[in-house]
Amino acid sequence: MVTSQETFAWHVKEALAGLHDPIRLQGSPLIGLLGLRPLPGETSAMSLRQLLRDTIEQLRPADSSSPTRPECFGYRILWLRYIQSRSQYDICDELGLGRTSFYRYHQEALEAVTSILWERYRSETARPASAAASAAGGQAVAEAQKLAQRARPQLVDLSGVAEATLRIVNP
């Protein structure tokens with residue numbers, strides 16, 4: 001299934017909004033788009049929830065000793081909003097942000113999460129295509145070998161082939 005980046009971003013936002021709702025996550029198109037395979041004893045919703053948590057965690061700055069530094073805001077907003085289910089007002093108070101700044105950092109962080117997951121989606125969709133191309137190439141080689149084995153050897157006039165090729169290529 002091929003999807004646009006805008007549609008994919010919408011699916012990511014919807015999945016984050018329903019992060020603690022297993023029924024909503026279980027029906028998320030991201031499960032199929034990202035090729036998630038649950039571990040034994042795990043549901044697809046659990047796999048998606050863990051992937052989203054891990055992706056948010058990738059946004060944590062290396063030096064996050066001071067969570068009120070601007071480079072930590074995107075990560076902290078997503079963590080507090082989606083993992084801890086805090087309201088935007090609580091987050092603004094905790095981080096000392098106005099609503100406009102909250103929305104800006106929130107949007108930037110959502111775009112970063114979407115970008116990480118989009119790269120994974122692109123690699124998922126490229127993998128089957130390259131596997132199919134390899135299989136088709138292997139079938140072509142096998143077919144060529146069969147034809148070569150059935151063909152009778154015959155002499156070829158190379159000068160005639162070269163002249164015909166030159167007539168085609170020269171114009």
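**His 106.** I began with His 106, which lies in helix α7 of this predicted model. Setting aside its neighbours within four places in sequence, I found His 106 in contact with Ile 77, Leu 78 and Tyr 82. With Tyr 82 there is also a polar contact, side chain to side chain, of 2.9 Å.

**Main core.** Next I looked up the largest nonpolar core, which has 27 residues. The residues with the most contacts inside this core are Phe 8, Leu 30, Leu 34, Leu 48, Ile 56 and Leu 117. I then noted which elements give two or more residues to it, and these are α1 (5-17), α3 (30-33), α4 (44-57), α5 (70-83) and α7 (99-150). Helix α7 supplies the largest share of the core, 6 residues.

**Leu 48.** From that list I picked out Leu 48 and looked up what it touches beyond its neighbours within four places in sequence. The contacts of Leu 48 are Ala 15, Leu 25, Ser 28, Leu 30, Ile 31 and Leu 36. Another core, of 9 residues, lies apart from the largest one, and I recorded Phe 73, Ile 77, Cys 92 and Leu 95 among its members.

**Helix α6.** I turned to α6, residues 88-95, and asked which of its residues are buried. They are Gln 88, Ile 91, Cys 92 and Leu 95, and because they cover an arc of only 100° around the axis, they sit on the same side of α6. Tyr 89 and Asp 93, on the other side of the helix, are exposed. Just after α6 I noted that Gly 96 takes a positive phi of about 70°.

**Pro 38.** My last entry concerns Pro 38, which I located in the loop between α3 and α4. Its relative accessibility is 35%, so Pro 38 counts as partly exposed. Not counting residues up to four places away in sequence, Pro 38 touches Thr 43, Ser 44 and Ser 47. I also looked up how Pro 38 stands to Leu 48, 10 residues apart from it along the chain, and found their C-alpha atoms separated by 8.6 Å.

How values were computed. Residues numbered from 1 in each chain as written. Predicted model: local features only at pLDDT ≥ 70, side-chain atom pairs only at ≥ 80, totals over all residues. Heavy atoms only, no water. Core = buried A, V, L, I, M, F, W, Y, C linked by side-chain atoms within 4.5 Å. Buried < 20%, exposed > 50% of the residue type's maximum accessible area, 1.4 Å probe, protein only. Helix = DSSP H or I, 4+ residues; strand = E, 2+ residues; numbered from the N terminus. Contact = heavy atoms within 4.5 Å. Arc of directions from axis to C-beta. Polar contact = N/O pair within 3.5 Å; in protein donor to acceptor, adjacent residues only side chain to side chain.
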